[in-house]
Amino acid sequence: MLKPLSANFKKLSLLSLLASSVALSGCSDDESGKISLGLFTTKDIKINSFVDPAIPGVTCHVSHIEADLDFSDPSDMGIACRQTGEITAAMLATIDTSKGGEVIFKQSKSILFKSLKIRRIYDADSQSLLYVSYSTKEINGSYKHSLSTVPLWATKAWQAPVVVTK
């Protein structure tokens, strides 16, 4: 005869199911590379690529640590963004040009409110797009970040500087 499941076993099963679903939700088909950090570790460097949704002429590659058996991945990451297609003034007209820019990518890094974000900021003075990758921890924040720039020089979005004469 089968015995009823204990309350602790039910809680553990529910937690395992939740952790698995969160881990799988971070999986995507944009993975460009995967580097093992050693035979006896569960941590890998994952490299994901994505195209800026508003500026499809920019592709970014983000490297980050994925710890398969941990509840939270480390906050370390790197980013490199490059022009891979046309960038036009019409595309720039659709983006947030405030000093804070806008979040264009977000990926969960923990079951406890931690995420990796990519923010695009337009620097009008240098006519460049800035891409900042950073980790947020809703309780105590994180200072780890990485920056990449895409200059608009020689694109259809570049504007000649205004020269003021006296």
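The structure holds 7 salt bridges, a salt bridge being a side-chain nitrogen of Lys or Arg within 4 Å of a carboxyl oxygen of Asp or Glu. This is a predicted model, so local features need a pLDDT of at least 70 and side-chain atom pairs count only at pLDDT 80 or more, while totals for chains, interfaces and linings use all residues. Residues are numbered from 1 along each chain as its sequence is written, and side-chain values use heavy atoms, with hydrogens and water left out.

As for confidence, pLDDT is the predictor's confidence in each residue, on a scale from 0 to 100. The protein averages a pLDDT of 79, and 73% of the residues score at least 70. Over residues 9-28 the pLDDT is below 50, and this stretch has 9 contacts in the model beyond near neighbours in sequence; contact here means heavy atoms within 4.5 Å.

Back to the salt bridges. One of them pairs Glu-31 with Lys-46, with the closest N and O atoms 3.3 Å apart. This pair links distant parts of the chain, since Glu-31 sits in strand β1 (residues 31-36) and Lys-46 in strand β2, 15 residues apart. Helices (H or I, at least four residues) and strands (E, at least two) are DSSP runs, numbered from the N terminus. Glu-31 is partly exposed, at 39% relative accessible area, whereas Lys-46 counts as buried at 8%. The cut-offs are under 20% for buried, over 50% for exposed, and partly exposed in between (1.4 Å probe, protein chains only).

Lys-46 also meets Glu-66 in a salt bridge between side chains (3.0 Å, N to O). Lys-46 lies in strand β2 and Glu-66 in strand β3, so this pair ties together parts that are 20 residues apart in sequence. Glu-66 is buried, with a relative accessible area of 19%.

Another salt bridge brings together the side chains of Glu-86 and Lys-156 (2.7 Å, N to O). Glu-86 is in the loop between β4 (77-83) and α2 (89-92), and Lys-156 is in the segment after β8 (145-151), so the pair ties together parts that are 70 residues apart in sequence. Glu-86 counts as partly exposed at 43% relative accessibility, and Lys-156 is exposed at 59%. Salt bridges that share partners join Glu-31, Lys-46 and Glu-66 into one network.

Next comes Asp-52, found in the loop between β2 (43-51) and β3 (58-67). Asp-52 counts as buried, at 1% relative accessibility. Its side chain makes a polar contact with the side chain of Tyr-131 (2.6 Å), and also reaches the backbone nitrogen of Ala-54 at 2.9 Å. A polar contact is a pair of N or O atoms within 3.5 Å; within protein, one must be able to donate a hydrogen and the other to accept it, and residues adjacent in sequence count only if both atoms are side-chain atoms. Leaving aside neighbours within four places in sequence, Asp-52 is in contact with Val-58, Ile-104, Arg-120 and Tyr-131.

Tyr-131 and Val-58 turn up again in the largest nonpolar core: of its 22 residues, Ile-55, Val-58, Leu-92, Ile-118, Leu-129 and Tyr-131 touch the most other members. Such a core is a set of buried Ala, Val, Leu, Ile, Met, Phe, Trp, Tyr and Cys residues joined through side-chain atoms within 4.5 Å.
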